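Trainee: I've got a structure open and I'd like to learn how to read it. Could you walk me through it?

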Amino acid sequence: MNPPRPLEPKRAELESMTRAVADFVVDQVATLDGQPSFDLDDADALRASFREPTPQAGSSLESLLEHLRPAIAKSYNTAGPGYLAYVPGGGVYAAALAELVAAATNRYVGVTQPAPVLAQIEETAGRWLCDLMGLPDGARGLLTSGGSLSNFGAIVTARHERLGEAIQGGTLYFSEETHHCVAKAARLAGFPRSALRALPTDGRFRLQADALEAAIAADRAAGLHPFLVVANAGTTNTGAIDPLPEVLDVARANGLWAHADAAYGGFFRLAEGGEAILRGLEEYDSITLDPHKGLFMPYGLGALLVRDGAALARAHHESADYVQDVTDEGSLGFADLSPELSRDFRGLRLWLPIKLHGIGAFREQLTEKLALARWAYEELRQDERFEVMDPPQLSVVAFRLRAPAYAAERLGPELLRRVNDRRRVFLSSTRLRGRYALRLCVLSFRTHEDRVRDAVTALREEARALLG
Ligand SMILES: Cc1ncc(COP(=O)(O)O)c(C=O)c1O
């Protein structure tokens, strides 16, 4: 049996290990264009082979990487250009390099004092996000692990600012198209399902300001305490944008905190025409963004922006004797703004790619994605076999086969299966107003016209095969 390997490799070994990993990942990334859009063939057997007891002895890194190679291949290829399902992003490579630097140097950034310059890097990256969204000085951008945690932080902050400790009877409002993580976060923040109001949407899947106003008034009359509205700046289903200015007016008139879930859509503010599309977003009390969606970062990078940055600290700050050496009241660290104490140095994952590429590179990509979605919409709209739901408000196209109701529930999934089985693109489905629908979401920076064209061609050919 091999002996355990020492935990501290010598310099030469550090170099050879790093080279082996570099070769491995470059091989993964440089071949993405030719890889299948998904491959789960025999994944169960491979999965079973990874159920094993804790190893007592060590192995060579090369052998472990080779072991890993097929495990990575057996997956939806979420990094590849054909991934048009759910909400893609792709994973900018520079962010992976940043992660290696952050983890290898392993500095502590949860509070400011132990690594003040690194904490500043992360704070600067958060400030950039505030600037990109048009928020004023005094706003604060906190990096999280994703949109769900950002929405949770927003609800906790709104709860603290509007209800204090008296949360009983607090009610919150959002549309029925809102991402389910909002309801989950509300429950985690202490609000029962009976406090949640999922309001019906208009013909374009948007929250209606008058319905919001009426729901707030009815709850007030019943002695409840409306405190928060969550507006969508791009729903997951169709990319719908709630009427942000009108919803904000209702919130302001009624003293509610206005939060925008812009996890999917917010970064389109950078695209050509994006500020007009997302007009009003810059006025919200808080905004959820997901750099692992619209800034194409690898999974695990979300953001919560709060207009009055101090509100985050009021909602989250606690202290303890054992942190007295590193507690500086004048400079609140990330641990004072969120549930986390120890955390990764995620700021570098945002800072490095933006410094390396410049924000203009991201703007171009986002502009292209809007155009590609509009192109796909027009193509599908002109094909009588498809019922296209709504012109894309952002980069999602939702559609279904024009088939009799009794057949549509069977033919829709069959169309999805056939298109995905070609392995050039990967789409996903949803239900709109209770009916099965397919959706195509263009958001990976690796997705360009050729791949969207492939998706449309596959949809048309398979629709013809199914419907005649
Ligand atoms: C609009 C919206 N909000 C929130 C989320 C949840 O984000 P995350 O998966 O990063 O937790 C998503 C994810 O797709 C989303 O599309």
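**Reading the loops, a helix and the ligand site**

Mentor: Let's start with Arg 423: at 23% relative accessibility, this residue counts as partly exposed, since buried would mean under 20%. Keep in mind that the whole thing is a predicted model.

Trainee: Where does Arg 423 lie?

Mentor: Arg 423 is in the loop between α15 (405-421) and β12 (428-432). Check its backbone too: although Arg 423 is not a glycine, its phi is positive, at about 70 degrees.

Trainee: Now helices. How do I read which side of one is buried?

Mentor: Here's the general idea: an α-helix has 3.6 residues a turn, so residues three or four places apart point the same way. Now take α1, where the buried residues are Ala 20, Phe 24 and Gln 28. These residues cover an arc of only 70 degrees around the axis, so they are on the same side of α1.

Trainee: Which exposed residues does the face of α1 turned away from the buried side carry?

Mentor: That face has Arg 11, Ala 12, Arg 19, Asp 23 and Ala 30.

Trainee: What span should helix α1 have, and how far apart are its end C-alpha atoms?

Mentor: The 20 residues of α1 (residues 11-30) should span 28 Å at 1.5 Å a residue, and the end C-alpha atoms are 28 Å apart, so the two agree.

Trainee: On to the ligand. How many residues surround it, and which are the closest?

Mentor: There are 15 residues around the ligand, the closest being Gly 147, Ser 148, Asp 261, Asp 290 and His 292. By class, the shell has four nonpolar, eight polar and three charged residues.

Trainee: Which atoms of the ligand lie 2.8 Å or 2.7 Å from protein atoms?

Mentor: An oxygen atom of the ligand is 2.8 Å from a backbone N or O atom of Gly 147. Asp 261 places a polar side-chain atom 2.7 Å from a ligand nitrogen atom, while a polar side-chain atom of Asp 290 is 2.8 Å from a ligand oxygen atom. The ligand taken alone exposes 390 Å², and the protein buries 84% of that.

Trainee: Which elements give two or more residues to the shell?

Mentor: Those are α6 (147-163) and α11 (291-294). The largest share, three residues, comes from α6.

Note on methods: Residues numbered from 1 in each chain as written. Predicted model: local features only at pLDDT ≥ 70, side-chain atom pairs only at ≥ 80, totals over all residues. Heavy atoms only, no water. Near = heavy atom within 4 Å. Polar contact = N/O pair within 3.5 Å; in protein donor to acceptor, adjacent residues only side chain to side chain. Areas by Shrake-Rupley, 256 points an atom, 1.4 Å probe, with all protein chains shown as cover. Helix = DSSP H or I, 4+ residues; strand = E, 2+ residues; numbered from the N terminus. Nonpolar A, V, L, I, M, F, W, Y, C, P; charged D, E, K, R; others polar. Expected span 1.5 Å × (residues − 1). Buried < 20%, exposed > 50% of the residue type's maximum accessible area, 1.4 Å probe, protein only. Arc of directions from axis to C-beta.
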